[in-house]
Amino acid sequence: MLILGFSAKDTLLATLLFVCGHCGVNAPHQLVKRARRFTLFFIPVLPVGTKYLDTCTACGHVIDVPRGQAEAALAQGR
């Protein structure tokens, strides 16, 4: 019997301060890189995909961010 599945690892890249497009509050936003992997017997084997997510800390709204925009925001925040 094989045990197959997927796992995800979130890495906080930066915390940026700007106005949320959903709630309109000037609040910190967390920029997170989520890497998904295919697992075999609970061991990560193959990378499946990477997403960049922006989460508003005021309202919790999450949006997908294109890789280029995430890297630009990361460079601008440093």
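Which residue of β4 does T55 stand opposite? In this predicted model, T55 stands opposite V62 in β4, and the views below set that position within the sheet and its surroundings.

**View 1. The open sheet of four strands, in the order β1-β2-β3-β4.** The pairing within this open sheet is antiparallel. Strands β1 and β4 stand at the edges, and because each has a single partner strand, one side of each is left without a neighbour in the sheet. On average, and with direction ignored, neighbouring strands of this sheet are turned by 30° against each other.

**View 2. The hairpin of β1 and β2.** Strand β1, covering residues 4-19, and strand β2, covering residues 26-40, run antiparallel and are joined by 15 bridges. Within this pairing, F18 stands opposite A27 in β2. Six residues lie between the two strands of the hairpin, and there G24 takes a positive phi near 80°.

**View 3. The hairpin of β2 and β3, with F41 and F42 in its loop.** The antiparallel pairing of β2 and β3 extends over 12 bridges, and two of the positions that can be followed across this pairing are Q30, which stands opposite T55 in β3, and K33, whose bridge partner in β3 is Y52. The hairpin has two residues between its strands. F41, placed in the loop between β2 and β3, has a phi near 55°, which is a positive value in a residue other than glycine. F42, also found in the loop between β2 and β3, likewise has a positive phi in a residue other than glycine, in this case near 65°. For context, most residues other than glycine have a negative phi. With a relative accessible area of 42%, F41 is partly exposed, whereas F42, with a relative accessible area of 68%, is exposed.

**View 4. The hairpin of β3 and β4.** Strand β3, made up of residues 43-56, runs antiparallel to strand β4, made up of residues 62-65, and four bridges join the two. Y52 of this pairing stands opposite V65 in β4, while T55 stands opposite V62 in β4. Y52 is also the bridge partner of K33, and T55 is also the residue that Q30 stands opposite. Five residues lie between the strands of this hairpin, in which G60 takes a positive phi near 85°.

**View 5. The aromatic pair of F6 and F38.** The structure holds one aromatic pair. The ring centres of F6 and F38 are 5.9 Å apart and the ring planes stand at 70°, so the pair is edge-to-face. The pair links distant parts of the chain, given that F6 lies in strand β1 and F38 in strand β2, 32 residues apart. The two residues can also be described by their accessibility: F6 counts as exposed, at 52% relative accessibility, and F38 counts as partly exposed, at 26% relative accessibility.

View 6. H29 counts as buried because its relative accessibility is 3%, and buried here means under 20%. Two polar features of the H29 side chain can be traced in this view: the side chain reaches the backbone oxygen of F18 at 3.4 Å, and it makes a polar contact of 3.3 Å with the side chain of D54. When the neighbours within four places in sequence are left aside, H29 is in contact with A14, T15, L16, F18, V19, C20, D54, T55 and C56. F18, whose backbone oxygen is reached by the side chain of H29, stands opposite A27 in β2. T55, one of the residues in contact with H29, returns the reader to the opening position, where T55 stands opposite V62 in β4.

Definitions and conventions. Residues numbered from 1 in each chain as written. Heavy atoms only, no water. Pairing = 2+ DSSP bridges. Phe/Tyr/Trp six-rings, centres within 6.5 Å; stacked < 30°, edge-to-face > 60°. Buried < 20%, exposed > 50% of the residue type's maximum accessible area, 1.4 Å probe, protein only. Polar contact = N/O pair within 3.5 Å; in protein donor to acceptor, adjacent residues only side chain to side chain. Contact = heavy atoms within 4.5 Å. Axes fitted to C-alpha atoms, helices over the stretch in contact; angles between N-to-C directions.
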